[in-house]
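These are my notebook entries on one structure. I set down what I looked up, entry by entry.

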Amino acid sequence: MHAQEDKAPILKIENLGVRYSNSIVALKDTTLSFFNGEFVVLLGLSGAGKSSLLRALNHLVKPTSGRVISSSQGDLSSEKRLRQHRRKTAMVFQQHQLILRQTALQNVLTGRLANHGFFRSLLPLPKADLDIALQCLERVGLADKAMTRVDQLSGGQQQRVGIARALAQQPDIILADEPIASLDPATAQKILDLLKRICEEDGITAVVSLHQLEFARQFADRIIGLANAEVVFDADPTHLDESYLSRIYASKKSELSNNQEDAFETRPLVNLTST
């Protein structure tokens, strides 16, 4: 049984599916719960469905079936509820998504914009927002780089700016989509150390998609393994043995045509959180 299964989830998806306009099935009907303070790693090959699942959690990818349910907002079917959910759900991206010609501080301040109306956001932000942004830069070890343009920072420093920007939202949830994919192993280790420590200190739920098995084992409280647009594993890392790894890292059937996909062998969901 999952250690937090007796608690109400902070976020839940029910029968969630994602199909793109070219008829590729990116995520088959999936039901999962995410709990407060968990550090969850989505593990799988490219094309397994990790990014589609992650981005569907705040509708950056629009689900084509099922629903996302927030503990604070309920079903995210209305635009108002979705906006409120996004305010408390921060993103960290693989390619950082920073404004390279602006300073680290200016980039972090963009994490505060959702707390203001459109017209107010056109004006200089209040000092309270500036203080929050500076505190966030200090927490990621970049207080001395606040006035440095982002294009003058290393890849690891840019990713730390991305984490500081996410923190500036004061989120309940951080979604990190392949946040270390462009980094060398030593820098990747430092970034995950930083992200995990901050989430633990602040009680933030993190859902992080990764390719690297060794980092998933090291940092995850819980691993969700995906293959061929389905969840095939859901448990803590100690249960991730060779039999489950063979399912997660099997040859990508998703590379076959959509017509062939219907002929795939149906496999039972491996979900150790219910055992």
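Entry 1, the largest pocket. I looked up the lining of the largest pocket and found 15 residues, of which Met91, Thr110, Gly111, Arg165 and Gln169 lie nearest its centre. A pocket here is an open set of points on a 1 Å grid over the protein atoms alone, where a 1.4 Å probe fits, with protein on both sides within 12 Å along at least five of seven lines; lining residues have an atom within 4 Å of a point. The model is predicted, so I note that local features need pLDDT of at least 70 and side-chain atom pairs pLDDT 80 or more, while totals for chains, interfaces and linings use all residues. Residues are numbered from 1 along each chain as its sequence is written, and side-chain values use heavy atoms, without hydrogens and water.

I read a volume of about 370 Å³ for this largest pocket, taken as the space filled by probe spheres set on the grid points, which are joined across faces, edges and corners. Strand 6 and helix 6 are the elements that give two or more residues to the lining; strand 6 gives the most, with three. Helices (H or I, at least four residues) and strands (E, at least two) are DSSP runs, numbered from the N terminus. By class I found seven nonpolar, six polar and two charged lining residues. Ala, Val, Leu, Ile, Met, Phe, Trp, Tyr, Cys and Pro count as nonpolar, Asp, Glu, Lys and Arg as charged, and the others, Gly among them, as polar.

I traced an open sheet of six strands in the order 6-7-8-3-9-10, with mixed pairing; two strands pair if DSSP finds at least two bridges between them. Strand 6 (89–92) and strand 10 (230–235) each have a single partner strand, so one side of each lacks a neighbour in the sheet. The twist averages 20° from one strand to the next. Strand 9 (residues 222–227) runs antiparallel to strand 10, joined by five bridges, and isoleucine 223 stands opposite alanine 235.

I then found helix 6 (residues 155–168) packed on the sheet, touching strand 6 and strand 7 (173–177), with its direction at about 175° to that of strand 6. Contact means heavy atoms within 4.5 Å; axes are lines fitted to C-alpha atoms, for helices over the stretch in contact, and angles run from 0 to 180 degrees between N-to-C directions.

Asparagine 15, not a glycine, has a positive phi of about 50° and is found in strand 1 (residues 11–19).
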